Amino acid sequence: MNRPKILIVDAQIAGHHILWLGLVARSMLELGCDAVLLAHGDLDEVKSRINQLDGELLSVVTLAGFPRGRKTSVETYLSAVAAVFLQYRCDRIILNNFDTIASGLFRKVLLGYRPPQCLFGKINAIYHRPRPLDVTQKTLGNTWKRQGMRLLLHQGFFAGILLLDPFLIESSVEMYGAYSRFVFIPDPWRDNDEDPVCPPELVGAQTRGIRLLQYGVGDRRKGTELLVNALKQADADVPLTLIIAGFQRNTGLTDSLAGLKKPHSFVLIDRFISGAEEKFLLQYADYLTIPYLSHYGSSNILSKAAQYAKPVIASDYHLIGRLVGNYGLGVLFKDNDARALASAIESLSATSSCSEQLNNYRHQCSYQAFKKALASIMRFA
């Protein structure tokens, strides 16, 4: 019997895109499928990034590229997907990051656009930030997009839609009734069998007291500046060490960190972090910080925290705030409020009382739970 062949598509390769591309592909292989990856950009760079995450994956999948030098409009995007789908005789499609085209697609179908016929009933879309499905997002644009999704669901375009927000599943099913195709998929952690390696920046560093880890690429929206400002305002009775790990884009961050009051200290690891170093940092930290600025949607940092039973300090905004609050995963503070964050930091103790809650959440966002969700939507379970 022939193995089902799955086309996995992503028009971006930065951040979580390449992580999810690898996780989805590996899941499909383990579910008994063959995988074709359709990625955007320079294929040598795509290969390099995939190899950093999974050194064996490219030997067992087929890699294809979007047309070079063309603007990726909705029409161009779906035409390329259809061409590769037919070329490699695939059975199903997973849009790894449906957000790339969702808004444009919903608007265009209301104006009469119809996607290539070969895609209908074959599309499984992973929708990371599904604002049109969220009734709290009361804008005229989202109202229009809801109607576009309704039309595509009625036409049978989607085989399934995977949402990272468990609180949206029930309301989405109610909204679209018999035509709904919604399944929850967690933002997963995965076992790392590497031996932990201490980053050289930490060797011999004078770390004091409670260790806070701010992890990931330093976009402004990640709230690193807010966190540093909060530490400057917090009472210095309890010593804290802030570890910032991952490539930072804020050139003035070192000067800002130098203004921390003693006995607080910091360690800045401003570069790409290897898997072995990540494992060390997650084991070494006492708390993980998620001070994101009005961030809509999920964060893999929350899953990593649960994996290593580390409580978080997080903004109370949207999904992250709701998950932390509902499941008891750490300490919340008012979004975008440095003084509220300072108060949350002042409340910390060296030992956390939420290990049981973190362990329970750990099972909900495991790689096995992630793979099970893909299996159910692909009807291989």
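Glu30 has a relative accessible area of 38%, so this residue counts as partly exposed. Please keep in mind that we are looking at a predicted model.

With which residue does Glu30 form a salt bridge? The partner is Lys371, and the closest N and O atoms of the two are 2.8 Å apart. Glu30 belongs to helix 1, residues 16–30, whereas Lys371 belongs to helix 14, so this pair ties together parts that are 341 residues apart in sequence. Helix 14 itself covers residues 367–377.

Is Lys371 buried or exposed? Lys371 is buried, because its relative accessibility is 13% and the cut-off for buried is under 20%. Not counting residues up to four places away in sequence, Lys371 touches Ser27, Glu30 and Leu31.

As a general point, side chains of opposite charge can pair when their charged atoms come close. In the whole structure, a search finds 12 salt bridges. One of them joins Asp34 and Arg3, with 2.9 Å between the closest N and O atoms. Asp34 is in strand 2, residues 34–39, and Arg3 is in the segment before strand 1, so parts 31 residues apart in sequence are tied together. Asp34, at 31% relative accessibility, is partly exposed, and Arg3, at 41%, is partly exposed as well.

A further salt bridge links Arg249 to Asp219, and here the closest N and O atoms are 2.1 Å apart. Both residues lie in loops: Arg249 between strand 9 and helix 8, and Asp219 between strand 8 and helix 7. Arg249 counts as exposed at 52% relative accessibility, while Asp219 is partly exposed at 23%. Elsewhere, salt bridges with shared partners join Glu30, Arg190 and Lys371 into one network.

The largest nonpolar core has 43 residues, and the members that touch the most others are Leu7, Phe98, Leu105 and Phe158. Helix 3, residues 74–87, provides the largest share of this core, with eight residues. Apart from this core lies another, of 32 residues, including Val267, Leu288, Ala314 and Leu329. Leaving aside neighbours within four places in sequence, the contacts of Leu105 include Val74, Leu78, Phe98 and Leu152.

Finally, the surface. Leu110, Leu140 and Trp144 make a nonpolar surface patch of about 330 Å². Of these, Trp144 is found in helix 5, residues 140–155. Thank you for your attention.

Key:
Residues numbered from 1 in each chain as written. Predicted model: local features only at pLDDT ≥ 70, side-chain atom pairs only at ≥ 80, totals over all residues. Heavy atoms only, no water. Patch = residues over 30% accessible without salt bridge, like charges linked within 9 Å, V, L, I, M, F, W, Y side chains within 5 Å. Areas by Shrake-Rupley, 256 points an atom, 1.4 Å probe, with all protein chains shown as cover. Salt bridge = Lys/Arg side-chain N within 4 Å of Asp/Glu carboxyl O. Helix = DSSP H or I, 4+ residues; strand = E, 2+ residues; numbered from the N terminus. Core = buried A, V, L, I, M, F, W, Y, C linked by side-chain atoms within 4.5 Å. Buried < 20%, exposed > 50% of the residue type's maximum accessible area, 1.4 Å probe, protein only. Contact = heavy atoms within 4.5 Å.
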